[in-house]
Every structure is written in structure tokens, then in C-alpha cells.
Amino acid sequence: QAIDERLKADPFQCIVHGDFKANNMVMDQNHIIALCDFQYCGKSCSLKDLCYMIACYCQEKHHDQHAKHSLEEIVLDTYYNELVALLTARNQNKSSSELETELVSIPTRNALQDAADLCFADLCRWMAGWGYWGNDFLIPRTKLVLDKIENGNELRSESEYRDAVYSAYPLERV
């Protein structure tokens, strides 16, 4: 519950597909991809679709000693660089008066990683009810997140757990 609450408060909010997989994509003869099946579409942390893609469709048998998927850094770095370029361009096209009220803050790469960590843990929770397909890294990846949250402590209440989530993954002001 605390991870879900923290993700809902994350500054990386947008409209996500929610079931981002090959079966919900179609491609035309010009290689233009369109999405279908918007059953789980809604406002959420934007990293949910990226983490779903990494966990379900970027298969690998060996993960590094930190239980991260080998493509995680590449995908997140690419996403972050594109996001920074887009937000920088958006800010450059604003007048000085617009910047005072409409400046779009650029989050840090660490904030992006925090969001991804929590999205992987949330996906693992969701997949526990459906089955783990397409990966062998999601459970150990989630264990890293939970170990960071618990920090060697036995958390005895929901409020202790919530406080630990926000301590391990503080919200960045954007």
C-alpha cells in the first residue's frame, strides 16, 4: 500500500497504457506502431510502462550481481535523455513571464531510478496474482527494493512501513 501511495505521489505522472506488451501493439507497412487494448490505461507513474516492457519482453537468463536487468540502465538513460531534451526545449520556447508560472522542472536521474525501483516492486506485486512471465530477474530485483526500504529493520506497522518507503525513496520536488 505504501509503495502504491508513493508511486501515486511521484512527479513522473502521465497517462500510461498499463498493459504495454507486444500483443497490444500493431504495426503498419511503414513500421508505424499503434497501441490497442486500453483496459488498464490511466494516470500513473510514467515508468510503469517502461518497467513492464523491461520485465516482460526483454528476456535474459543472467542478471548482474545487483539483480538488475542488463537493459534497465540503457532504457532508463535513453528515456531520461529524451525527457530532458523535451523539457529543455519546452522551457526554451516560453517567454520570461510564462517561465515564472509554467516552468517545467527537470527531475534528476536519481528520481527516475527511484520511480523505476518502485515500479518494478509494484509490477512484482501485480504479477504475483497472474504469474511471472518473460523474466527471471523481477523477484530478486524487487527484493533489492524491499531490502532498501526495510534497511535491516523489522517494520511492525503500516505507518512504519510507509515512513520507511518515503525515507528510502523520498519525493523529489519538481
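From the N terminus on, the elements of the chain follow the order α-β-β-β-β-α-α-α-α-α-α. The model shown in every view is predicted.

**Figure 1. Overview of the chain.** The secondary structure amounts to 7 helices and 4 strands. Of the 174 residues in the chain, 37% are buried. Contacts between residues at least 6 apart in sequence were also sorted by separation, and 68% of them join residues at least 24 apart.

**Figure 2. Helix α5, residues 109–127.** This helix has 19 residues. From the first C-alpha of α5 to the last, the helix reaches 27 Å, close to the 27 Å expected at 1.5 Å a residue. Of its 19 residues, 16 are buried, so α5 is largely enclosed by the rest of the structure.

**Figure 3. Crossing of helices α2 and α5.** Two packed helices are described by the angle between their axes and the distance between the axes. Helix α2 covers residues 47–57, and its axis comes within 9 Å of the axis of α5. The two axes cross at roughly 60°, which makes α2 oblique to α5. The crossing is right-handed. On the α2 side, the contact is made by L47, K48, C51, Y52, I54, A55 and C56. On the α5 side, the contact is made by L112, A115, A116, C119, F120, D122, L123, W126 and M127. By class, this contact has 14 nonpolar residues, no polar residues and 2 charged residues.

**Figure 4. Packing of helices α6 and α7.** Helix α6 spans residues 138–150, and helix α7 spans residues 158–168. Their axes are 8 Å apart and meet at an angle of about 105°. The two helices are therefore roughly perpendicular to each other. L146, K148, I149 and E150 make the contact from α6, while Y161, A164, V165 and A168 make it from α7. The residues of this contact divide into 6 nonpolar, no polar and 2 charged.

**Figure 5. Buried residues of helix α7.** The buried residues of this helix are A164, V165, Y166 and A168. What covers them includes α1 (2–9) and α6. A164, V165 and A168 also belong to the α7 side of the contact with α6.

**Figure 6. R141 in helix α6.** R141 is buried, with a relative accessible area of 2%. Its C-alpha atom is separated from that of D117 by 8.2 Å. Along the chain, R141 and D117 are 24 residues apart.

**Figure 7. H31, a loop residue with a positive phi.** Most residues other than glycine have a negative phi. H31 is not a glycine, yet its phi is positive, at about 65°. H31 is placed in the loop between β2 (25–27) and β3 (33–35). This residue is exposed, with a relative accessible area of 60%.

**Figure 8. N151, in the loop between α6 and α7.** N151 has a phi near 50°, a positive value in a residue other than glycine. The residue is exposed, and its relative accessible area is 58%. The helices that flank this loop, α6 and α7, are the pair that pack with their axes 8 Å apart.

Notes
Residues are numbered from 1 along each chain as its sequence is written. This is a predicted model: local features need pLDDT of at least 70, side-chain atom pairs count only at pLDDT 80 or more; totals for chains, interfaces and linings use all residues. Side-chain values use heavy atoms; hydrogens and water are left out. Axes are lines fitted to C-alpha atoms, for helices over the stretch in contact, and angles run from 0 to 180 degrees between N-to-C directions. Angles under 35 degrees count as roughly parallel, over 145 as roughly antiparallel, 65 to 115 as roughly perpendicular and the rest as oblique. A crossing is left-handed if the near helix is turned anticlockwise from the far one by less than a right angle, and right-handed if clockwise. Contact means heavy atoms within 4.5 Å. Ala, Val, Leu, Ile, Met, Phe, Trp, Tyr, Cys and Pro count as nonpolar, Asp, Glu, Lys and Arg as charged, and the others, Gly among them, as polar. The expected span of a helix is 1.5 Å times one less than its number of residues. Buried means under 20% relative accessible area, exposed over 50%, partly exposed in between (1.4 Å probe, protein chains only).
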